[in-house]
Amino acid sequence: MALMNMVQAINTTLKEEMERDESVVILGEDVGTDGGVFRLTEGLLAKFGPERVIDTPLAEAGIVGTSIGMAMNGLRPIAEVQFMGFSYLALNQMICHAARMRNRTRGRLSVPMVLRMPYGAGVKALEHHSESTEALYCQIPGLKVVVPSTPLEAKGLLTSAIRDPDPVVFLEPTRSYRMLKEEVPEGEYLIPLSQARKVQDGKDVTVIGWGAMMPLIQKAVDSLRGKVSCDVLDLRTLSPADWKAVIASVKDTGRAVVVQEAPRSFGVGAEIVARINEKALLSLEAPVERVTAPDVTVPLPKGEDYYYISPDRIIKAIMRTASY
Amino acid sequence: MLTDDYHPLKGKRLEVLKADGSVVKELDPKLDDATLLSIYRTMVLTRLADDKAVKLQRQGRLGAYPPTKGQEASQIGPAVAMEKDDWTVWAFRELGNLIHRGVPLWRLYLYWMGNEEGSNYVEGQRITPSAVPVGSQIPHSVGIAYAARSRKERTAVVCYFGDGGTSEGEFHEGLNFAGVWKTPNVFICQNNQWAISVPRSRQTAADTIAQKAIAYGFPGIQVDGNDVLAMYIATNEALERARNGEGPTLIESYTYRMGDHTTSDDATRYRLEKELEEWAQKDPIKRFRTYLVNRGLWDDAKETALNEELAAFVEEAVKKAEAYPRPTLEDTFKFTYEKMPEELEEQLAALRDDLGKEG
């Protein structure tokens, strides 16, 4: 065990998986000499050489498109895009090819690749550096979408993502990269995809979140300790999600709050509410609340505090739901 | 090197087989008779299979289909130069290359009839499925080539696209990556003069498409795409370079789409009959036949026999494709992921219930 932040946990995972499997390669902008703009790939070029840690030309569709080709021909590429807001250039590749190659060839060809990128606001960044558009990827059959919330989680989930036979979009919460350190085991550590994590047991209200929302949720439920007992779920894999865990919890508590960093409409939160509606409606004691960003463009740093979810907003939503 | 002798900025186009069926002696690849006859065979088969696909579409037995008539040399010449372990990454108008490389014709019909099994070629066959979003397959070919090299294979990747495709960003990104990485790629642009209704002159202000290679730092060459021997020698040289670790090549196959863009298109809306007539004079099959006749390898009796044999072969392929079972409801679910997630299992069960016996 070693105390690590999320950057260190991901870096260690990449290194271990590259040692374990020669077919794993990393490609992206500045991933080599520079070690990545957030230093996620620090030291890997020196260890594995430029054939396996590839500084690419500056072109997202090129990075993802060539990764798809590599994956079809026996490699396991891990593509890094510097910020989620730049990944749209590669959407054509992800949607039209990565997601459907297995289906359209009836299993003859497949694309075992990971698309890694930091996502999310709350770090007072430049324009296009604060995106949380996970729902775009969740809408695409054939993709898996995974969001770790802690260093330990990042290690277990990334290991599974790299070994997964299908394309995985791995979203790393920028805000959580260096926020906290925790004990992370050395050597193999896997967390299965499509399994939610019960963060804490409670009986009054189910609170569901993922990624950068988890520390905010934790703050909120901690401050309500003794007043409202919260059953907290970290969804971890957004697609295909662990709906059983969501439904089981809501059936127990009868109340739920969904916390989503992204704008309100058409998001993962809406899907969660729909699932609860389909499978747990008769257990509900209150309408399911969504705490989300408004349907506006992410503000520049001076206005970000209006936009970014605070523990206080989560507390208010939990209280409204609990007292409904 | 051909790419020096026919450097794109010299304004020269590589031609081996002249319209009268004679050959430029110093460029003659001197293929043996059996190879020459196998080339002709695939050319005729491609033409017949293509005509048949259009007819089937008109009869409502096959979906929208992009006719390949006139581009047979552009597809088959490279196929002859390729080794079994090389890859073809194609767009959607490369029937001749696929047939020559051994993709069963009935599978290709099955694809255009609307069944995913049509892209499930022979096990181990190194051919990607068609790529409909124009140009998007180009980066794949570079990744495939990178992987081949990193696995120490001596294979190369032939990637096809059209003149329209060269306007896409993925053309630039793919060729740029290939140049930087020096991957074993052979890019073949089938410049058939039209991207649906937009002429080649409206795709790029460059004199040739071949010259774009120069900016990417590797050789390019413009080739008479209706000349199967020229396409063969150009590809052969490019493959050799790729296998020797000398990087990619861009081949512009200067050809012509004799048919419509697809069966949903009507080319009379935008192009002149006269242009079509001019290009008909340069028909790649007619030209190659004259060459074979001149060499004493071909005659009318052989022509009749081959046509009869291949027409019957095409009919058999149609029969086989039409007899192929429709996908089951489960088939439409089970290849989404390697293992069907619980969520999809539930959706499958629910849909099966809703559909009743149809499912």
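Guide: Contact here means heavy atoms within 4.5 Å. By that rule, 27 residues of domain 1 of chain A are in contact with 25 residues of domain 2 of chain A. Keep in mind that this is a predicted model, where local features need pLDDT of at least 70, side-chain atom pairs count only at pLDDT 80 or more, and totals for chains, interfaces and linings use all residues. Residues are numbered from 1 along each chain as written, chains are lettered from A in the order written, and side-chain values use heavy atoms, with hydrogens and water left out.

Visitor: What makes these domain 1 and domain 2 of chain A?

Guide: Domain bounds come from an automatic or database domain assignment. For chain A that assignment gives 2-184 as domain 1 and 197-322 as domain 2. Their C-alpha centres lie 26 Å apart.

Visitor: Why is the pair Lys124(A) and Asp305(A) called a salt bridge?

Guide: The term asks for a side-chain nitrogen of Lys or Arg within 4 Å of a carboxyl oxygen of Asp or Glu. In Lys124(A) and Asp305(A), N to O is 3.0 Å, so the pair qualifies.

Visitor: Which elements of chain A supply the domain 1 side?

Guide: α6 (134-138), β6 (144-146) and α7 (151-163) of chain A each give two or more residues to the side that touches domain 2. Helices (H or I, at least four residues) and strands (E, at least two) are DSSP runs, numbered from the N terminus.

Visitor: How much area is buried between domain 1 and domain 2 of chain A?

Guide: About 2000 Å², with carbon and sulfur atoms giving 56%. Buried area is the accessible area (1.4 Å probe) that two parts lose on being put together, summed over both.

Visitor: And what do chain B and chain A bury between them?

Guide: About 3700 Å², 56% of it on carbon and sulfur atoms. The contact takes 46 residues from chain B and 47 residues from chain A.
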